[in-house]
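Here are my notes on the strand pairings and helix packing. Please read them with the model open.

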Amino acid sequence: MVNVNKLCPGCMNEMDGSGICSICGYDSLSKNDVDCLNVRYILSGRYVIGKVLDRSSEGITYLAFDQNKNIPVNIREYFPLSISSRNPDKTVSIQKSDTYSFNEGLIEFLELNRKLSAIESDCLFPVNAIFEDNSTAYAVFSQNTGITLSNFLDVNGGVLKWEQARPLFLPLIDTIIKLNENGIIHGGISPESIFVSRDGKLRLSNISIIQTRFASENFQTAIYPGCAAIEQYSTEKGNMGSFTDVYGLAATIFRVLIGNLPDPANERIHNDSMAIPSHFADELPRQVLVSLANALQVKIAGRTQTVEKFRDELVYGETEENIIRAETRRKNEEIMRSKRIAEKMEPNGKSKHKNSSLKYGITAALCTVGAFVIIGVIMAFTVLKGYFFPKKPVEKTSDADSMPSVASIGEIDEGADVIEEKKYEVPNLIGKYYTELKDIEKIDVFNISIADKKFSNSVPRGAICSQSVKAGNSVVRNTKIKVSISLGPSTIKIADVTGLTTDKAIIELLKQGFLYDNISLVEKFDADNKAGTVISQTPQFGQSVNTEIKIVLYYAVNNNDDTDSEDLIGGADNIE
């Protein structure tokens, strides 16, 4: 039986008696804020409260320990900021003027988490329990042991190729479709609300009540600039729907593929330029560019309306343009087939071929011309819209109907003043991160690509350590410049991760720069250590090694703990 008095509030492992946890470094003298539940407070007679993991406009998330199951969990407490206060007995009080807002949000909180508990998906953190206590409500989730997508990108070069992102996002997209079908709009999809778990899967978190997802007089805003749609801003506030999640999801994928988020929607009302560097447009499949362009429209009416439709456009290229083109082709084939059947026989049994050949030719020609006209109109109003209908300056207005449409993301401004003989000075790229290149003036005139990755003792990991064309040289537009990304020092002293749980050990090694798919876990029977903790490692800590070596972590399994060994096996699977 676990002695809860010895549990570390920072990691829920047993402390060795000293004031500082040897596993996570938590100081036993640390306390939660006065308006939070105390460390080691027993909630509902079952859950031992630990440190605060997160605070948002909806409430407070704690690390906790489930005494019934002897496992760490995450607990979400409904505690809306600005309208809630904590009493000495830990119950929650409501500001009198906001009683309705609090109670309305409480009902929504309970209903939301009841719906989540009924949805089975590997891309969600399961809701294990929902209950009311302390004059408020709580939801208990399986422990989140992953890292945010934002942090994952930081330690993996800043961007992913479409071939890597596609298998990662498909299950997540299907899960968001399932949420929307159950009446749940996330409204906060971003690189910070998506986690990469140790099994290599993306999981969606921070699913909050809808009142926190747009600016409100009573609830503080919980939106992520760049990923929040225009209907979430107070100046253009409107109803939220699946189209809101379409925008957040598309902005997140844009960040993964391009390296930066779109400008905030409330700024893009008056300047909707979305041009991207040409090398990204050349590398990405056309349907990806078109689907992102449709999904990132500022105006709701012009935006892709459902996540399912966005998925079909993104993955299968089922855009309106392609669907209409296919339908036109099908109708033409039916007309031609009917003509051929009709030509075979006249009422008197004689062939009609000679009499109708001219008529048939004219009809077929007209059908073909009509098809091209239809396709031309579609192209003029979609892909080539910026060419046929150049944008005019838009005056500021609060009328949502007057908001301009977003230019196609795939549309690239080659520059009206381009002259073949004109030369451009090559900037110094050494020491800069690939995602920072967009901030360099006129960087789009160069064709920059990553050639390889190599060790560097002078340039930090992830930054550019060499470039094929020397800085200061004058070159013509579209000159190819290949850069190398630093892997950091060729050798590094490996950290001591013994005593940590397997997931925390992996995260520590990732922070040092070791590769995720080079870390593997091996179970080893050990009756003296807590199951699931690392008892030895190869190479041993303190050794100087390069960051691309294979690392093996041996973790304890024994008969003294109920921990499910299947949850600990697998390590860092290769993410393709």
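1. Valine 127 has phenylalanine 141 of β8 as its bridge partner. Strand β7 (residues 127-133) and strand β8 (residues 136-142) pair in the antiparallel sense over 6 bridges. Pairing requires that DSSP finds at least two bridges between two strands. Helices (H or I, at least four residues) and strands (E, at least two) are DSSP runs, numbered from the N terminus.

2. The β7 and β8 hairpin has 2 residues between its strands, and asparagine 134 there takes a positive phi near 55°.

3. This is a predicted model: local features need pLDDT of at least 70, side-chain atom pairs count only at pLDDT 80 or more, and totals for chains, interfaces and linings use all residues. Residues are numbered from 1 along each chain as its sequence is written, and side-chain values use heavy atoms, with hydrogens and water left out.

4. An open sheet of 3 strands runs in the order β9-β10-β11, with antiparallel pairing. β9 (147-148) and β11 (202-204) are the edge strands, each with a single partner, so one side of each lacks a neighbour in the sheet. Strand β10 (residues 194-196) is joined to β11 by 3 bridges. Valine 196 stands opposite leucine 202 in β11.

5. Helix α4 (residues 242-258) packs with helix α8 (residues 307-316) at an angle of about 35°, their axes 9 Å apart. Axes are lines fitted to C-alpha atoms, for helices over the stretch in contact; angles run from 0 to 180 degrees between N-to-C directions. Residues in contact (heavy atoms within 4.5 Å) include Leu249 and Ile253 of α4 and Phe310 of α8.
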